Amino acid sequence: MVRPDDKLEFSPTGRATCRICKTKIAKGSVRAGIHYLHEGINWYCKYYHKDCLKTTSQGISLWKKAKLPPEMLLKQKGGNDLSRMNLLDLGVSKIEKKKRVSDSTIRERKVLRETLRLLRRDIARRLHHEPYKVFHNSTLDALVLQLPSNETELLKISGFGDKKTASLGPYVLPIIRDYKRKQLRITNSSSNNNKNYAGAVPNLDDEEIEVVGEVSSEQLIDQVFKEAEKLGNVISL
């Protein structure tokens, strides 16, 4: 059985315990996940504090044996492999930078995130479930970051398998498409204004983008529910 790549990531919940110091790994802090084969059948992940891997003999030994993903196997200018400890520091810097970019993008798309959060709330109420059972906050953020336009792209989002994509796709995807259309109108409007300011003659043959009245998040969600019900979609988790 092929061993999965080990990983560096931010702790999503704070529930995991470091196997070296035996304390909880705080939510939002960097953790390393190193796989082990359980009873020769399945690969499982044990989690560790970054500093425990760097400052203890057990941690250093574990990290030296870790199966790193290809993007972490960097080389120095002279061509030699960087040391495992340097790779750990570089890996942490890389995911911290990625998180800063992701956080910035999510803030910029806060209206979309709030609309999807309200959709999740309404679906949960209809099913008499807690919202996290519809999809987790990490999945919500992934939807906002990746902006899937169809079921094929939605299946690539962690938390959306075949069943959930078929069930929730008719509700989630129209909201994301609506957001992308609005962003396209804003971009085109800004581009046209710049052309006109520069003295360019407008091209009257360009295809116009239909401008529809702005609706609130609640109104948009209501429209999505009504359209899905017309098509006979049934929500199930």
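**Exercise 1.** Find the residue in β2 that is the bridge partner of Lys7.

*Solution.* Start with the model: it is predicted, local features need pLDDT of at least 70, side-chain atom pairs count only at pLDDT 80 or more, and totals for chains, interfaces and linings use all residues. Residues are numbered from 1 along each chain as its sequence is written, and side-chain values use heavy atoms, with hydrogens and water left out. Now locate strand β2 at residues 30-38. Strands are DSSP runs of E with at least two residues; helices are runs of H or I with at least four; both are numbered from the N terminus. The partner of Lys7 is Gly33. In total, β1 and β2 share four bridges, in the antiparallel sense. Two strands pair if DSSP finds at least two bridges between them.

**Exercise 2.** Work out the strand order of the open sheet.

*Solution.* Take the next pair. β2 and β3 are antiparallel, over eight bridges. Here His38 stands opposite Asn42 of β3. The order is β1-β2-β3. The edges are β1 (7-10) and β3 (42-49), each pairing on one side only. From one strand to the next, the twist averages 40 degrees.

**Exercise 3.** Which residue in the hairpin of β2 and β3 takes a positive phi?

*Solution.* Look between the strands, where three residues sit. Glu39 has the positive phi, near 55 degrees.

**Exercise 4.** Which residues of helix α6 are buried?

*Solution.* Go to residues 137-146. Apply the cut-off: buried means under 20% relative accessible area, exposed over 50%, partly exposed in between (1.4 Å probe, protein chains only). The buried residues are Thr139, Leu140, Ala142, Leu143 and Val144. After α6 comes Leu147, with a positive phi near 50 degrees.

Terms used: Axes are lines fitted to C-alpha atoms, for helices over the stretch in contact, and angles run from 0 to 180 degrees between N-to-C directions.
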